[in-house]
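Take a look at the model below.

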Amino acid sequence: MRMIVTTSHKPSRQQVLRALKLAKRLNVKYVSRRHLVSRKGEALLIVESDKISALKDGKRLFFHPSLAIIRRANIRSGERDYLIESLNLRGNERVLDCTLGLGSEAILIAHFLPNGKVIGLENSTLIEIIVEEGMKHMKYSQKWVEEAVKRIEIFKADYKEYIRKTKEKFDCVYVDPMFEHPSYNSSAINCLRPFADNSTVDANDIEIMKRIAKKRVVVKARWNDSIFERYDFDHVIGSPKSGIGYGVIVI
Ligand SMILES: C[S@@+](CC[C@H](N)C(=O)[O-])C[C@H]1O[C@@H](n2cnc3c(N)ncnc32)[C@H](O)[C@@H]1O
């Protein structure tokens with residue numbers, strides 16, 4: 001994907017410097033917004049005053065913790081959260097989130113780890129940068145989100161390589177790949193789609209995850225995803241209404 005770094009209109013000197021630094025780090029071109037002519041299929045990484053966003057073919061992506069905030073509110077009002085249930089956390093674990101995406105689930109998991117940590121991997125450079133920078137610079141209106149993001153460490157990596165190379169062990173390993181049969185109902189995932197890695201998780205990957213996990217491996221997929229036929233999980237939980245299941249392996 002061709003990528004260009006720019007700023008929003010009428011940028012401050014600070015924004016321009018940040019954009020230049022980002023372009024150098026990514027080894028891509030910086031073009032000042034005034035001189036920018038964007039082409040189809042090209043991704044723009046835009047340094048704004050308060051965040052970094054990506055724009056491609058009219059689709060815009062930026063970091064926001066709103067989904068984590070909704071899910072935590074639902075849990076507090078007594079609703080079940082199948083991800084949190086499936087991880088069975090005590091609060092001091094190290095959790096490897098293989099597919100960080102917009103980081104909503106990483107934030108929710110980190111909230112339940114007051115003495116633990118989430119290591120988040122993301123293979124899309126654009127998504128990784130937007131979320132890493134967003135988490136670092138956002139002015140949070142909720143204290144618990146501000147605290148949770150401090151317990152998340154992010155790496156640009158393909159989890160398929162990472163899990164095969166790492167010498168580390170994690171208490172839990174979680175993977176939430178792009179769905180095999182997308183539903184297009186989630187606006188957050190729809191924004192992610194043009195920038196995301198669409199690779200699927202396979203049985204070999206899960207076997208490797210089992211080797212590096214001390215307690216649990218959890219795989220999220222839609223109920224009609226073939227992974228639930230291809231892999232024999234210890235149990236699968238989730239609500240039939242949402243159409244999403246969490247396949248759980250207890251180590
Ligand atoms: C469905 S989204 C994850 C959403 C995430 N759980 C959240 O709460 O926002 C899947 C993400 O995983 C990333 N991804 C897919 N395959 C990957 C791989 N092999 N290694 C690392 N990241 C991957 C995609 O780029 C995408 O951002």
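A residue is near a molecule if one of its heavy atoms lies within 4 Å of it. Around the ligand there are 22 such residues, and Glu105, Glu122, Asp158, Asp176 and Asp197 come nearest. This is a predicted model: local features need pLDDT of at least 70, side-chain atom pairs count only at pLDDT 80 or more, and totals for chains, interfaces and linings use all residues. Residues are numbered from 1 along each chain as its sequence is written, and side-chain values use heavy atoms, without hydrogens and water.

| Residue | Atom | Distance to a ligand oxygen atom |
|---|---|---|
| Leu102 | backbone N or O | 3.0 Å |
| Gly103 | backbone N or O | 3.4 Å |
| Glu122 | polar side-chain atom | 2.7 Å |

Taken alone, the ligand exposes 610 Å², and the protein buries 97% of that. These areas come from the Shrake-Rupley method with a 1.4 Å probe. Helices α4 (104-111) and α8 (187-192) each give two or more residues to the shell. Helices are DSSP runs of H or I with at least four residues; strands are runs of E with at least two.

Now the sheet. Seven strands form an open sheet with mixed pairing, in the order β8-β7-β6-β9-β10-β12-β11. Two strands pair if DSSP finds at least two bridges between them. β8 (152-156) and β11 (235-237) stand at the edges with a single partner strand each, so one side of each has no neighbour in the sheet. Strands β6 (residues 94-97) and β7 (residues 117-122) pair in the parallel sense over four bridges. Leu96 has Ile119 in β7 as its bridge partner.

Notes:
Polar contact = N/O pair within 3.5 Å; in protein donor to acceptor, adjacent residues only side chain to side chain.
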